[in-house]
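Hello,

Here is the structure you asked about. My notes on it follow below.

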Amino acid sequence: MKAAVLHEAGGIPRYEDFPDPVAGDGEVIIDVKAVAVENVDKAIAAGTHYASEKYIGRFPAIPAFDGIGALPDGTLVGFGDIRPPYGALAEKAVVPQGSYVPIPDGIDPAVATVMASAVTAMSMKAAAGFVPGETVLVQGATGVAGRLAVKVARLLGAGRIVATGRDDNRLREVQAIGADAVINTAVSDEALAQAYLDAKGDGYDVVVDYLWGRPSEILLRALVPRSFAFGKPTRVVQIGESAGTELALAGSSLRTSGVEIYGAAKGLDPQTMNEAYQQIVTWTRSGELTFDVEKVPLSDIETAWQRTDLKGRRLVVMP
Ligand SMILES: NC(=O)c1ccc[n+]([C@@H]2O[C@H](COP(=O)([O-])OP(=O)(O)OC[C@H]3O[C@@H](n4cnc5c(N)ncnc54)[C@H](OP(=O)(O)O)[C@@H]3O)[C@@H](O)[C@H]2O)c1
């Protein structure tokens, strides 16, 4: 079969022949249809992610740990838990029986690869208890997940949406898809702190955070009241870390601001997860929620892997 083959940690996968996987006891062969290439796949392939050892134990190997494909009977499924050195970026993958879930009718396989990013945005409800009318701040709103979070906040009935990014043109696009106000984080620390305060209206109820690092550190510092006050509580949901894996958090940021910080997994159980997924499916089918994907053939993997011009579109490889 043809596959994207990685020969060393941090290398660029190449379009090559690779032996077909053979299903062992309790395994099934998947005919791969669509695979999203995300930052996490690159970190795993670079050997810098905690899951690198699990998914890319030895070389040569095929990157990407999940995708959309067809079972031998033709059923379209989202699959994972691929047996290394196989990965999703190939014509075929081998997974344990049952390591897949059916994709609902009417959903394009390329779109299905991105739906998980929209499901994580639903954590504003599951983790932070968002209710319609509240003010939502999306940190990192020009990326794929952040743009979806702006759309999801609008669909959930946010009263006001503030969105951050670091490029004015891209931020204008985010306004066009539903943000009421935008903040460019590529300014001095002082200017950014002031921008968070100027845009907060009567206060941020929920922060959906795909950035962490410097912008979130400045935000959390800016939310500390300057005088004694009963501030409006702000619930922060930590989802991503595009701007940094860590930040410094002053005790006062929690003690006096009313800020509460949750991980996106808070409140997640199979039922909540399923409800969130079904809501995303419903909006996708009705056309209320749209996904920006750029489809490329597997044969283009070498160029596609190195692309930095996607501007909020998800790269989806179609083997
Ligand atoms: N937990 C989950 O299930 C889940 C699901 C989806 C995403 N995530 C996480 O969420 C984050 C975003 O994912 P994504 O798929 O949306 O990635 P993406 O499309 O690459 O977007 C990344 C965003 O972060 C911005 N950014 C990158 N570095 C920055 C910096 N130093 N300062 C300020 N902004 C910066 C980018 O701005 P530019 O475009 O200007 O470069 C872009 O808007 C990642 O950490 C990802 O792992 C988690």
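Threonine 113 is part of helix H3, which covers residues 109–121. Please keep in mind that the model is predicted.

Threonine 113 has a relative accessible area of 12%, and because buried means under 20%, this residue counts as buried. Setting aside residues up to four places away in sequence, threonine 113 touches Ala34, Val35, Ala36, Glu38, Ile68 and Val316. I also checked one distance: from threonine 113 to alanine 181 there are 68 residues in sequence, and the two C-alpha atoms are 29 Å apart in space.

H3 and helix H5 (residues 144–156) have axes that come within 8 Å and cross at roughly 55°. Angles of 65 to 115 degrees count as roughly perpendicular and those under 35 as roughly parallel, so H3 and H5 are oblique to each other. The crossing of H3 past H5 is right-handed. On the H3 side, the residues that meet H5 are Val114, Ser117, Ala118 and Ala121; on the H5 side they are Val144, Ala145, Leu148, Ala149 and Val152. Sorted by class, this contact has eight nonpolar residues, one polar residue and no charged ones.

The second pair is H7 (residues 189–199) and H8 (residues 213–222), whose axes are 9 Å apart and pack at an angle of about 60°. H7 and H8 are therefore oblique to each other as well, and their crossing is right-handed. H7 brings Asp189, Leu192, Ala193, Tyr196 and Leu197 to the contact, and H8 brings Arg214, Pro215, Ile218, Leu219 and Ala222. By class, the contact of H7 with H8 has eight nonpolar and two charged residues, and no polar ones.

The last item is a serine. Serine 52 sits in helix H2, residues 52–55. Is serine 52 buried or exposed? With a relative accessible area of 8%, serine 52 is buried. A polar atom of the serine 52 side chain lies 2.9 Å from the backbone oxygen of histidine 49. Apart from neighbours within four places in sequence, serine 52 is in contact with Ala43, Ile44, Gly47 and Gly57.

Regards

Technical notes. Residues are numbered from 1 along each chain as its sequence is written. This is a predicted model: local features need pLDDT of at least 70, side-chain atom pairs count only at pLDDT 80 or more; totals for chains, interfaces and linings use all residues. Side-chain values use heavy atoms; hydrogens and water are left out. Helices (H or I, at least four residues) and strands (E, at least two) are DSSP runs, numbered from the N terminus. Buried means under 20% relative accessible area, exposed over 50%, partly exposed in between (1.4 Å probe, protein chains only). A polar contact is a pair of N or O atoms within 3.5 Å; within protein, one must be able to donate a hydrogen and the other to accept it, and residues adjacent in sequence count only if both atoms are side-chain atoms. Contact means heavy atoms within 4.5 Å. Axes are lines fitted to C-alpha atoms, for helices over the stretch in contact, and angles run from 0 to 180 degrees between N-to-C directions. Angles under 35 degrees count as roughly parallel, over 145 as roughly antiparallel, 65 to 115 as roughly perpendicular and the rest as oblique. A crossing is left-handed if the near helix is turned anticlockwise from the far one by less than a right angle, and right-handed if clockwise. Ala, Val, Leu, Ile, Met, Phe, Trp, Tyr, Cys and Pro count as nonpolar, Asp, Glu, Lys and Arg as charged, and the others, Gly among them, as polar.
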